[in-house]
Amino acid sequence: MCGIIGYVGSRQAMPILLNGLKRMEYRGYDSAGISIIKDHELHCLKRSGKINGFEKALQKHPFDGTTGIAHTRWATHGAPSVINAHPHSDCKGRLSLVHNGIIENYQALKKELSDQGHLFKTETDTEVLVHLIEEFWDKNTSLEEAIRLALSQVKGTYGIALISTENPDVIYVARSGSPLVLGISQGENFVASDVAALISHTKEVTYLDDGEMAVLSADAIQVKTITDKPVSKKVEKIGFDLEKIEKSGYDHFMLKEIMEQPKTIADTMRGRLLENEGTAKLGGIEHDFESLLYARRLLLTACGTSWHAALLGEYMLEEYLRIPTEVEYASEFRYRNPILDRDTVVIVLSQSGETADTLAAIREAKKRGAKVYGVCNVVGSSIARATDAGVYLHVGPEIGVASTKAFTSQVAVLGLITLFLARKKSMPQKQGKRIVEEMKKLPEKIARILEHNSLIREIAEEYQKKTNFLYLGRGYNFPVALEGALKLKEISYVHAEGYPAAEMKHGPIALIDENMPVVFIAMQDSSYDKIISNIQEVRARKGCVIAIATEGDENINQHADHVVYVPEAPECLEPILTSIPLQLLAYHIAVLRGCDVDQPRNLAKSVTVE
Ligand code: G6P
């Protein structure tokens, strides 16, 4: 979603800001804008649409200046137009503000400020904030104090950066519920909502916490609370380099991330598999695992693809721990008066660690006395910090909006957690050792699946024009069917539904005819015979069948129009393999249909609004 970058130093700000915006493109946006100060004057340019167009416009109006802020906006309040794009300005044109988040009480504030004579030009909630700051500033307070007073009146979430013509060598920033990170360098400093925007300039960063603000100049960063108490912050190192956020020769980030999976799965498991003991070593929870082990109920909550991983967690945890486990959409969980107590332990999953609904679910769970564990990818993210303990994925930045490598590693982490807890409980060492052995084989097995890329592309060519797809699976492969369908929907805009295969006859079977491709995950596991019967039911109605099947299963050929083979694995680990051909199928169909694979329309990588 929205992205913020700000620069103060001695270099020209424009190219730095533009580069920062490009690095955050993956988050999803629909307009962009920039403000730079030169000779005590603000120069601002905004455009709707993609950065390419914005860059061309900037080339025609290059701005000089060494202090500036820029923003990519994902529309919430008001259409994605030039006028609604950030930065926004006060009445006298002395302030320029970019904002991520939502000002919930903007209507009441807007009315008050309009009555006081402020003129509004946009439909955004953000514009209210800049006028509110102006209002306080005009009452003879310092600008810093005016920001503080304005923020104390705001309800909602924000990460803001503000520049002013009066203090042209300073950027003011503040955070509540919307991430901001400060980049520290020699004679220059940065602010961004995403470390990806900073990595080409510095690796030294400080994460602002909720309720903090900072004043950045070229040589200093001063952090305080919004209530004006000094704060001393830790300087941290960004744990990845530029190469991780570049395409490295691939046409799209999504393809790169799919292809990276032999390595990312290995990275997730690195140092965490104890062969001799037949268990997992999880530094993030081993000091604090009793509540999980003795929980009377486990509740997993997440959104989107992470929710599908959570479903797989439910299957694993119930199978091996025998603890009743439920999965809830984070957005539903927090609003339906959930039953939670000290005996219920919550596990949240989030790749970005910033999803607003998931964060809100954590707050709700904690309020009700539950302990909350996290499974996140982004180190230092809001969710990672809001949870009591947790496990990181360690797959590096995921740039493609449609989650791929994070999903498989979320499942692997849930597998590791299950193994760790089950061994503490009742799983015999021998069984633990077998699971460890099988987990170790995953990277090589994934590499084998990726060799079928051209076959999958051929299948995609045949079906690219179809407008509906059905994905069916049973047991552990039911959530995989959901995930396969979501991938296709997200990036190719083709309607697709995932269903438990046996449920097909209670509805979706009515849709089946020669125009309906049905993707079956038909592994030779405990549900194989049943799924073959479901395939027959589709074939009897002229549906076309694409089967994801176990290597060596010749029998499947007589039942399916196309077969993509996947190496065998214990059922609980199958999803890490069977989801990969579905990622590739979605990818190729989207590319063939000419879709913007990495930045699908309307979607955002990090959904920071509820
Ligand atoms: C967005 C993304 C999805 C992602 C979901 C949850 O909708 O487009 O790919 O699965 O958010 O994100 P999280 O970062 O919490 O896993």
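This is a predicted model: local features need pLDDT of at least 70, side-chain atom pairs count only at pLDDT 80 or more; totals for chains, interfaces and linings use all residues.
Trainee: How are the axes of α16 and α18 oriented to each other?
Mentor: Helix α16 spans residues 477-492 and helix α18 spans residues 574-592. Their axes come within 9 Å and cross at roughly 20°. Angles under 35 degrees count as roughly parallel, so α16 and α18 are roughly parallel.

Trainee: Is the crossing of α16 and α18 left-handed or right-handed, and how many charged residues does their contact have?
Mentor: The crossing of α16 and α18 is right-handed. On the α16 side, the residues that meet α18 include V480, K487, L488 and I491; on the α18 side, E574, L582, Y587 and I589 are among them. By class, the contact has 9 nonpolar and 5 polar residues, and the number of charged residues is 2.

Trainee: What is the relative orientation of α14 and α18?
Mentor: The axes of helix α14 (residues 429-450) and α18 come within 10 Å. They cross at roughly 30°, and the crossing is right-handed. Because angles under 35 degrees count as roughly parallel, α14 and α18 are roughly parallel to each other.

Trainee: How many nonpolar residues are in the contact of α14 with α18?
Mentor: From α14, the residues L442, K445, I446, I449 and L450 take part. They meet I576, L577, I580, P581 and L584 of α18. Divided by class, this contact has 1 charged residue and no polar ones, and its nonpolar residues number 9.

Trainee: Which orientation does α9 have relative to α16?
Mentor: Helix α9 covers residues 304-321. It packs on α16 at an angle of about 170°, with the axes 9 Å apart. Since angles over 145 degrees count as roughly antiparallel, α9 is roughly antiparallel to α16.

Trainee: How many polar residues does the contact of α9 with α16 have?
Mentor: α9 contributes G304, T305, W307, H308, L311, L312 and Y315. The partners in α16 are F478, P479, L482, E483, L486 and K487. These residues divide into 8 nonpolar and 2 charged, and the polar ones number 3.

Trainee: Which residues are the closest to the ligand?
Mentor: The ligand is surrounded by 14 residues. The closest are S306, S350, Q351, S352 and T355.

Trainee: Where is P87, and is the peptide bond from H86 to P87 cis or trans?
Mentor: P87 is placed in the loop between β4 (67-73) and β5 (88-89). Omega of the bond from H86 to P87 is near 0°. The peptide bond is cis.

Trainee: What is the value of phi of D39?
Mentor: D39 lies in the loop between β2 (31-38) and β3 (41-48). Its phi is positive in a residue other than glycine, with a value near 50°.

How values were computed. Residues are numbered from 1 along each chain as its sequence is written. Side-chain values use heavy atoms; hydrogens and water are left out. Axes are lines fitted to C-alpha atoms, for helices over the stretch in contact, and angles run from 0 to 180 degrees between N-to-C directions. Helices (H or I, at least four residues) and strands (E, at least two) are DSSP runs, numbered from the N terminus. Angles under 35 degrees count as roughly parallel, over 145 as roughly antiparallel, 65 to 115 as roughly perpendicular and the rest as oblique. A crossing is left-handed if the near helix is turned anticlockwise from the far one by less than a right angle, and right-handed if clockwise. Contact means heavy atoms within 4.5 Å. Ala, Val, Leu, Ile, Met, Phe, Trp, Tyr, Cys and Pro count as nonpolar, Asp, Glu, Lys and Arg as charged, and the others, Gly among them, as polar. A residue is near a molecule or strand if one of its heavy atoms lies within 4 Å of it.
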